[in-house]
There are 2 protein chains.
Amino acid sequence: MRLTVDSINQNVRRAQYAVRGELAVKSEEFRARLTKGDESLPFKQVISANIGNPQQLDQKPITFFRQVCSLLENPELLNNEDALINGFGYKTDVIARAKWLLKQVGSIGAYSASSGVPAIKQSIATFLERRDGFPADPAHIYLSAGASSGVNTLLNVICADKSVGVLVPIPQYPLYTATLSLLNATCVPYNLDESRAWGTDMETIKKAYQKAKAEGVDVRSIVIINPGNPTGASLPEEDVRAVLDFASQENLVVMADEVYQTNVFVGKFHSFKGVLRKMQQETPGKYDSVELASLHSISKGMVGECGHRGGYFELVGFDADVEANIYKFVSIMLCAPVVGQCLVELMVNPPKPGEPSYDLYRREYDAIHEGLRERATALHRAFAQMEGVECAEPQGAMYLFPTIRLPQRAIEAAAAEGRSADELYCLRLLEATGICVVPGSGFGQAEGTLHFRTTFLAPGTEWVDSIIKFHKEFLDKYR
Amino acid sequence: MRLTVDSINQNVRRAQYAVRGELAVKSEEFRARLTKGDESLPFKQVISANIGNPQQLDQKPITFFRQVCSLLENPELLNNEDALINGFGYKTDVIARAKWLLKQVGSIGAYSASSGVPAIKQSIATFLERRDGFPADPAHIYLSAGASSGVNTLLNVICADKSVGVLVPIPQYPLYTATLSLLNATCVPYNLDESRAWGTDMETIKKAYQKAKAEGVDVRSIVIINPGNPTGASLPEEDVRAVLDFASQENLVVMADEVYQTNVFVGKFHSFKGVLRKMQQETPGKYDSVELASLHSISKGMVGECGHRGGYFELVGFDADVEANIYKFVSIMLCAPVVGQCLVELMVNPPKPGEPSYDLYRREYDAIHEGLRERATALHRAFAQMEGVECAEPQGAMYLFPTIRLPQRAIEAAAAEGRSADELYCLRLLEATGICVVPGSGFGQAEGTLHFRTTFLAPGTEWVDSIIKFHKEFLDKYR
């Protein structure tokens, strides 16, 4: 055997990605058994609450988006517009948008330019101007295969070697730690403040930064996930300002992961780009050198098109030669999936009031938003009645991240199996109920605390009741 | 400025990827100027012969594939089958396939399992069994975003550090050298034999291997691109056998890039998997330990759906724990684009004789194959009449890779501009004719030789005449 776990790239071996790890694999095995008619399991369905995968659960795709995509896939349908309109209820704006996109991309089966279809980059720039009230330049926008691929690109360019550190929130979406492991770069963790609904605490960030610096780490960048994953936090403007001010002082590249920017239930979303431009306007000169990369995606929000792998990132303040290297890096993988690029265009430029598809679009969009809020609230209420469970009010994203306090005997039982206690809890939950969630250890958590992350995407309340019942039995068993 | 070209990841800086480099960027600028009505250029259109991008040029997508995809994008269309059939000419097998795929994937907007949709992996296994006459196991098949992403995964796992070397053919598709640069691993180049239509020469391979080994390089793997890119070679079975025998002796992981397996004009395609299984059958025990990864894609062949980013790789003989790490690596990027996965299914399981869509499918497929052969032959004939140009007979893939002999004064003029002579030639060709090809230096070439790679995808003969005319003028200028 040429390749063994001892001889392969040890950076790959060390990387951890619990969202799709042992529990997820096991849940897929259960699903396969149920599909084959296995009746020996104590549940009738697997609920994948481990991953923000809206369309796997209840979320229907937005009609306008998918009608346009059907025409992009088969432009021959445009040869019979009457049948589209009368037989299938397509509106004229669906047809017009599909024709316009086809004119821009040629065939969606062709590679696009490496950084994306120029007209789509222009649409994104227009959206950013509307969102932030400040100009955006399509030349600094790069389409990507979901935000993950954008994060991969940026960390690959930023991280030169082991001496380079990146400040990463704890808990975090494990893409960041996994990618830093792959690059053999240093993760500089900073804890989010659970007592303040998982907000950023500047003192904690500064301490983490100073400590790493004192240890000789060349800290170059800070990652912020807002709204937060796995925490569901939504940062107020002053937190965004404080991070930008710190980044400016310490000369850190800001990576703003803003994929949940429309999943906000409390307050409003403050984009790093918009806040930075405001700060630059208020104090001319002071913040000009800030380097900011902000990422967005079609996978989340009311769009929920993860399977199409679409997203983009915008660069602000980057050196031109560095950008040339970013361009080269993305070009090696040729281009982001072109349907995904078109969905980005549809996401940032949806039907407008007065247009034929607007009413349906609005209705669908609002119903998804409201449904998510309701489910988040119901789940939050359920956690409130569970012994030893505490959970911040749902503010945004698609997740709740409750603290769980488990009996000492559960912690010992877990240790005997070589597991952390939250891992054991999540494993037993899966085995008993078919519900798959992710232990807090998969995202990182403050020493001595235990959590799990669950999405609130699954419909109905039955599964929530199953969690309550399981929780009680688990506590009773180990009490 | 935090990030400069001197401080970023120098592996990224060192990576080279000419297929989408300076010339490609310049050609896009020309295209944008033409679109804006600029009449100052000496040509009326840009012909992108630099990249195998069939649908950007003349190749139409296969109707069956795109009809199915339109239904996957908008399953609501299935609510009116009569209108689909009578208004748009959809056949019943299109509808049945779409329903079946939707049942397997749920929504194409949802993430699939990390390694791909189980039913699609099964379809691929069935295809491989039919193609090779030997069983294939879906558990060892991984869907990917084009073959590029598969190569990236495999090299990431194989390459532990700088001491690890991978044998790469020269000339090669620069994805390999670029990815090895990113991983800071060692490229061990072996020259293909231009005098034998760019076949593999075992003596050359062995010498390259021994030399690297003597220099302390831990050579772990050998890359074979068959049919060849950029060379267009198609390997006879004995070459495939010889490589496998060598890999078995020296304990090398074989990476077989077989994305052009249906683009074969001379002889037939011999898959590494099929030949390996035959060798294992003929000499029991001897070849059991060979580790083989073979890659395929929807981007090439008669499918040509590059923009959809679909592909897969199959692993044979890999250690289970190593595969677990490969699984983890692909899971970090979540999953391959789901429409792309469905197109893989359609590619490996197209309409069969007697099914309603078969005749049209066959006609379209054969017409594309024949068209490519005709254009390859026409281009080959044109090169034959050009002074100082020699080109092997087109055997496969989508490329010709002629040798060009340029006058000493051209070589000097190029050097004065800090370019190689083939780069200067290709740049001047682009500026004079709008035709974008890639200099041989972008793929590697034997010392002292000059080449360029052109696809033979562009329709018509006018552009070929432009190359002939340009070539004569270029030679006259520097003679």
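Tutor: Phe269(A) sits in the loop between strand E6 (253–257) and helix H11 (272–282) of chain A. Helices (H or I, at least four residues) and strands (E, at least two) are DSSP runs, numbered from the N terminus. The model is predicted, so local features need pLDDT of at least 70 and side-chain atom pairs count only at pLDDT 80 or more, while totals for chains, interfaces and linings use all residues. Residues are numbered from 1 along each chain as its sequence is written, chains are lettered from A and ligands numbered from 1 in the order in which they are written, and side-chain values use heavy atoms, without hydrogens and water.

Is Phe269(A) buried or exposed? Its relative accessibility is 14%, so Phe269(A) counts as buried. The cut-offs are under 20% relative accessible area for buried, over 50% for exposed, and partly exposed in between (1.4 Å probe, protein chains only).

Now the surroundings. Setting aside neighbours within four places in sequence, Phe269(A) is in contact (heavy atoms within 4.5 Å) with Arg131(A), Asn226(A), Pro227(A), Glu258(A), Gln261(A) and Val264(A). Take Pro227(A) from that list. Pro227(A) and Phe269(A) are 42 residues apart along the chain, yet their C-alpha atoms are separated by 7.8 Å.

Next, Ser234(A). It belongs to the loop between strand E5 (218–225) and helix H10 (237–250) of chain A. Ser234(A) is buried at 11% relative accessible area. Not counting residues up to four places away in sequence, Ser234(A) touches Asn226(A), Pro227(A), Val264(A), Val266(A), Lys268(A) and Gln395(A). Among these, Asn226(A), Pro227(A) and Val264(A) also touch Phe269(A).

E5(A) leads on to a neighbouring strand. E3(A) and E5(A) pair in the parallel sense over 4 bridges; pairing requires that DSSP finds at least two bridges between the strands. Gly165(A) has Val219(A) as its bridge partner in E5(A). E3(A) is also joined to strand E4 (residues 186–191) of chain A, by 6 bridges, and these two run parallel. There, the bridge partner of Gly165(A) is Thr186(A).

How many of the 7 residues of strand E3 (residues 164–170) of chain A are buried? The count is 7 of the 7, so E3(A) is largely enclosed by the rest of the structure. In a regular strand the side chains alternate between the two faces of the sheet. Val164(A), Val166(A), Val168(A) and Ile170(A) point one way from E3(A), and Gly165(A), Leu167(A) and Pro169(A) point the other way. Both sets are buried.

Most residues other than glycine have a negative phi, and most peptide bonds are trans. Trp198(A) is not a glycine, yet its phi is positive, about 60°. Trp198(A) lies in the loop between E4 and helix H9 (202–214) of chain A, and is buried with a relative accessible area of 5%. Leu334(A) is likewise not a glycine and has a positive phi, about 75°. Its loop runs between helix H12 (320–332) and helix H13 (338–348) of chain A. Leu334(A) is buried at 2% relative accessible area.

Chain B supplies cis peptide bonds. One runs from Ile170(B) to Pro171(B), with omega near 0°. Pro171(B) is placed in the loop between strand E3 (164–170) and helix H8 (175–182) of chain B. Another joins Asn229(B) and Pro230(B), with omega about 10°. Pro230(B) is in the loop between strand E5 (218–225) and helix H10 (237–250) of chain B.

Finally, step back to chain A. Its secondary structure comes to 17 helices and 14 strands. The radius of gyration is 23 Å, close to the 23 Å of the globule rule for 479 residues, so chain A is as compact as a globular protein of that length. That radius is taken over C-alpha atoms, and the rule is 2.2 Å times the number of residues to the power 0.38. Of the 479 residues in chain A, 63% are buried. Among contacts in chain A between residues at least 6 apart in sequence, 73% join residues at least 24 apart.
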